[in-house]
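Subject: Structure for your files, with notes

Hello,

Here is the structure I said I would pass on. My notes come after it.

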Amino acid sequence: QVQLVEAGGGLVQAGGSLRLSCTASGTIFSINVMRWYSQAPGKQGEVVAAIRLDGTPTYTDSVQGRFTISRENAKNMVSLQMNSLKPEDTAVYYCNADIQTSAVRAYVNYWGKGTLVTVSS
């Protein structure tokens, strides 16, 4: 069984910073793409950042230059450094990853339970 557990959400003033982290646990063989997905109230959710196994990152336009995604493969961990936060960044942030387990070698998509980020103006 695979679990993704996020940490690091909270309340911050506009212009501030937060760092989210997500650790995958279980009988993991390999993790391909890891993502951070945001779901804001009343809005369509989106992938704000993703990072490939080789470390190549991609960002949605609204966070480019403000957010940095990184991963530590040995720890099955992905992080999201969020700088210059804006009220519109307020959302629940979910960790998402494509994971091979020792039992199932096909990549399966897994989700964490989410962590709330609130940015006050």
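Predicted model: local features only at pLDDT ≥ 70, side-chain atom pairs only at ≥ 80, totals over all residues.

Core

The largest nonpolar core contains 29 residues. Trp36, Val78, Leu80, Met82, Tyr93 and Ile99 have the most contacts inside this core. At least two residues each come from strand 3 (18-25), strand 4, strand 5, strand 7 (67-72), strand 8 (77-82), strand 9 and strand 11 (115-120). The biggest share is that of strand 9, which gives 5 residues. As background, nonpolar side chains in soluble globular proteins tend to be buried together.

Setting aside residues up to four places away in sequence, Met82 touches Gly16, Ser17, Leu18 and Leu20, then Arg66 and Phe67, and finally Tyr93 and Val117.

Salt bridges

A search of the whole structure gives 4 salt bridges. Three of them are described here.

- Arg35 and Asp98 pair through their side chains, with an N to O distance of 2.7 Å. Arg35 belongs to strand 4 (residues 28-39) and Asp98 to strand 9 (residues 91-101), so this pair ties together parts that are 63 residues apart in sequence. Asp98 has a relative accessibility of 14% and counts as buried because the cut-off is under 20%.
- Asp54 and Arg52 form a salt bridge at 3.1 Å, N to O. Asp54 is exposed, at 52% relative accessible area, whereas Arg52 is partly exposed, at 45%.
- Lys75 and Glu72 meet at 3.6 Å, again N to O. Glu72 counts as partly exposed, with a relative accessibility of 38%.

Pocket

The largest pocket has a volume of about 210 Å³. Its lining is made up of 16 residues, and those nearest the centre are Ser38, Glu46, Ser62, Glu88 and Asp89. By class, the lining holds 5 nonpolar, 5 polar and 6 charged residues. Strand 4, strand 5 (46-51) and strand 9 each supply at least two residues of this lining.

Backbone

Most residues other than glycine have a negative phi. Two residues are worth a look on this point.

Asn76 has a positive phi, near 50°, and is not a glycine. Asn76 sits in the loop between strand 7 and strand 8, and at 23% relative accessibility it counts as partly exposed.

Ser84 also has a positive phi, of about 50°, without being a glycine. Ser84 is located in the loop between strand 8 and strand 9 and is partly exposed, with a relative accessible area of 41%.

Thr58

Which residues does Thr58 contact beyond its neighbours within four places in sequence? They are Val48, Ala49 and Ala50. Thr58 itself lies in strand 6 (residues 57-59) and is partly exposed, at 48% relative accessible area. The C-alpha atoms of Thr58 and Ala103 are 30 Å apart, and the two residues are separated by 45 residues along the chain.

Regards

Terms used. Residues numbered from 1 in each chain as written. Heavy atoms only, no water. Helix = DSSP H or I, 4+ residues; strand = E, 2+ residues; numbered from the N terminus. Buried < 20%, exposed > 50% of the residue type's maximum accessible area, 1.4 Å probe, protein only. 1 Å grid on protein atoms, 1.4 Å probe; cavity = no way out; pocket = protein on both sides within 12 Å on 5 of 7 lines; lining within 4 Å. Points joined across faces, edges and corners; volume = space filled by probe spheres on them. Nonpolar A, V, L, I, M, F, W, Y, C, P; charged D, E, K, R; others polar. Core = buried A, V, L, I, M, F, W, Y, C linked by side-chain atoms within 4.5 Å. Contact = heavy atoms within 4.5 Å.
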